[in-house]
Amino acid sequence: MSEEKLDSLLHLGTIIKPPEEFVRNANVKNYEEEYKKFLDNPEEFWAKVADELFWYEKWDKVLEWNLPYAKWFVNGKTNITVNALDRHVKNGRKNKVAFFWEDEFGNEKVVTYGSLYTLVNKLANALKNAGIKKGDRVVIYMPLVVEQVAAMLACARIGAVHSVVYAGFSVPALRHRIEDAQAKMVITADMTIRRGRAIPLKQIVDEAVRGLDNVEKVVVLRRLKPKVDLIGEKEIDFYEFIKDADTYCEPEVMDSEDPLFMLYTSGSTGKPKGVIHTTGGYMVGTYYSMKTVFDLKEDDIYWCTADPGWITGHSYIVYGPLVAGATQVLAEGAPNYPDFGRWWSLIEKYGVTIFYTAPTAIRMFMRAGEHWPEKYDLSSLRLLGSVGEPINPEAWMWYFRVIGKERCPIVDTWWQTETGAVMITTIDGLPMKPGRAGKPVPGVVADVVDKEGNPVEPNKGGFLVVRNPWPSMMRTIHKNKEKYESYWNTIPGCYFAGDVATKDEDGYIMILGRADDVINVSGHRIGTMEVESALVSHPSVAEAAVIGKPDPVKGERIKAFVILKEGESPSEELVNSLKKHVRTELGALAVPSEIEFVDKLPKTRSGKIMRRVLKAKELGMDPGDLSTLED
Ligand code: 6R9
């Protein structure tokens, strides 16, 4: 057994008590008590949370549940931006900092709730003036700048449904999302910054919208000097666009169940699916977790290192923290540029108290060495978070010791694009077990079960499910009801998350990975079929199969098996050409790190590629039942 593996097993038995001082001051001090409050009366529990927020009209009923369709805060009327902005501006937080933003060059911007409010209102009016109405879709393809957050909020202000596309996606991936959503507008920027370089974005948009009649306007945030050219009638400069707009935009009165946004995520099919979230429940769910899971208080400086292009950014940069009135750090660029001290220097500089990041980043810093964080004063930190993939016990211990100085609890938060908010973690005084995410947060009934939905024995592997509806759950999949329903009918009566997990005697859940054909590379979901279809669209490729292989930093990396067309022969050049092709089709995240040319792929008699056989062979494991293998 490798030393690393041994270390991992040893740490799995570790139990760490949360620091007493933390528990004494926590917003919720006792998990069991809070959870019991929920179990005793779920509707009352959620109504109390919702009551802390502003509603034009209160709901008639907390929940209407017709499995698998839920309505939360039925007939309640609100607008999430009134809770994220107006409420604070009117209640003494006008000059409170919403964002400390900076890029890799040290350019800084301090944005108060008051100035964010004005920016959002102006942009909302500009959208209206351009003919965007409630229910229209707007695609946002922007770097990590305050204008990106403002664009999301401006849509929400007028009831337009935003679909944010991470600025690392390439032309066809962006085009698919614009077309599938029939977006009327795209908001973008000239470039994003990564490792000291400007990476162009607008060219990608220009190509992606070519010939798409649904797109009426492209709004471009121009950061470079001299300014990039705008082409044609459709394109307009961001600040030109909002220049003459009024500074107040009456918020659209939104029904609790009106859609707030859609966000595409990868599954086991060739095309990503548009997950739809609605207004009231999502608002209440993300707000509640901000206060409990992240223990947010008035004076905290909170930093979530995600990008709004992912669900983590939607829920824990934009909606949750702003509704809760947080002060945040927002940093554009790479975590290790100009050096491995960047993040730690920002924690020192801004006095960050709550820090939320991904295991892949922690492992990268672990490799770079403790001397990097040691150069900086990290004593402001009081709580650490992790998300996106399982955090291995060694990385957990390193994070706890080197970054948190054994003073800060770690919340390893399990959740998904589909769940909208954190579902499983270790909160409110619960002892921590490195490597195990923990217990369902109050409001969630989670379990590990077999195919029929029966709980498996402690420490046995099974499927992770949720047994009840919760406010921030997705409401449907865009234009794909069947897909939505499949989440709730794969295992009878339960929400099937697509993950495999175990649960120990104390009810702590450990997530082992995906049960489906989704690869988790650096915390990002990538569908095997998406990569395979990108590969087979290359002129030299006849067939392709893709698997995930364990990677010490990224969690998993992509390996592709490729059958070439007649007359083509393997070469280094061809490998590079295939990688480039995938980058162009999908984006850098999806590029395989390994490509192997083969003559044959294992298939079922019905012609489906058996990826698990490839994977088992690759990892030297038992391939399991081979009775359906063709030959
Ligand atoms: C929030 C987010 C969801 C998938 C999920 C699971 C994996 C997320 C995790 C975790 C173990 C954690 N995942 N958090 N696995 N421990 N704390 O990441 O959403 O991009 O939709 O990914 O990520 O496999 O099913 P999303």
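Biologist: Why is the pair Lys202 and Glu235 called a salt bridge?

Modeller: In this predicted model, the closest N and O atoms of Lys202 and Glu235 are 3.2 Å apart. The rule asks for a Lys or Arg side-chain nitrogen within 4 Å of an Asp or Glu carboxyl oxygen. The value of 3.2 Å meets that cut-off, so the pair counts as a salt bridge.

Biologist: Which parts does the pair of Lys202 and Glu235 tie together?

Modeller: Lys202 sits in helix α9, residues 202-209. Glu235 sits in strand β12, residues 235-237.

Biologist: How many salt bridges does the rule count?

Modeller: The count comes to 44.

Biologist: How many of them cross the interface of domain 1 and domain 2?

Modeller: The rule finds 0 there. The side of domain 1 that touches domain 2 has 5 nonpolar residues, 2 polar residues and no charged ones.

Biologist: Where do the two domains lie in the chain?

Modeller: Domain 1 covers 80-255, and domain 2 covers 518-619. Their centres, taken over C-alpha atoms, are separated by 35 Å.

Biologist: How do you know which residues of domain 1 and domain 2 are in contact?

Modeller: Contact needs heavy atoms within 4.5 Å. By that test, 7 residues of domain 1 are in contact with 7 residues of domain 2. About 390 Å² is buried between the domains, 50% of it on carbon and sulfur atoms. There are also 4 residue pairs in polar contact between domain 1 and domain 2.

Biologist: What does UniProt place at residues 530-608?

Modeller: The unreviewed UniProt entry places "domain: AMP-binding enzyme C-terminal" there. That span is 27% helix and 32% strand, and its end C-alpha atoms lie 15 Å apart.

Biologist: What does UniProt list for residues 31-84?

Modeller: The unreviewed UniProt entry lists "domain: Acetyl-coenzyme A synthetase N-terminal" for this span. Residues 31-84 are 44% helix and 26% strand, with end C-alpha atoms 27 Å apart.

Biologist: Which peptide bond is cis, with omega near 5°?

Modeller: The bond from Leu67 to Pro68 is. Pro68 lies in the loop between β1 (61-66) and β2 (69-74).

Biologist: What is omega for the bond from Lys225 to Pro226?

Modeller: Omega is near -10°, and this bond is cis too. Pro226 is placed in the loop between β11 (217-221) and β12.

Biologist: What makes the phi of Arg195 worth a remark?

Modeller: Phi of Arg195 is near 55°. That is a positive value in a residue other than glycine. Most residues other than glycine have a negative phi, and most peptide bonds are trans.

Biologist: Where is Arg195 found?

Modeller: Arg195 is in the loop between β9 (191-194) and β10 (197-200).

Notes: Residues numbered from 1 in each chain as written. Predicted model: local features only at pLDDT ≥ 70, side-chain atom pairs only at ≥ 80, totals over all residues. Heavy atoms only, no water. Domains from an automatic or database assignment. Buried area = accessible area lost by both parts, 1.4 Å probe. Polar contact = N/O pair within 3.5 Å; in protein donor to acceptor, adjacent residues only side chain to side chain. Nonpolar A, V, L, I, M, F, W, Y, C, P; charged D, E, K, R; others polar. UniProt positions renumbered as here; feature names shortened; annotations may be inferred. Helix = DSSP H or I, 4+ residues; strand = E, 2+ residues; numbered from the N terminus.
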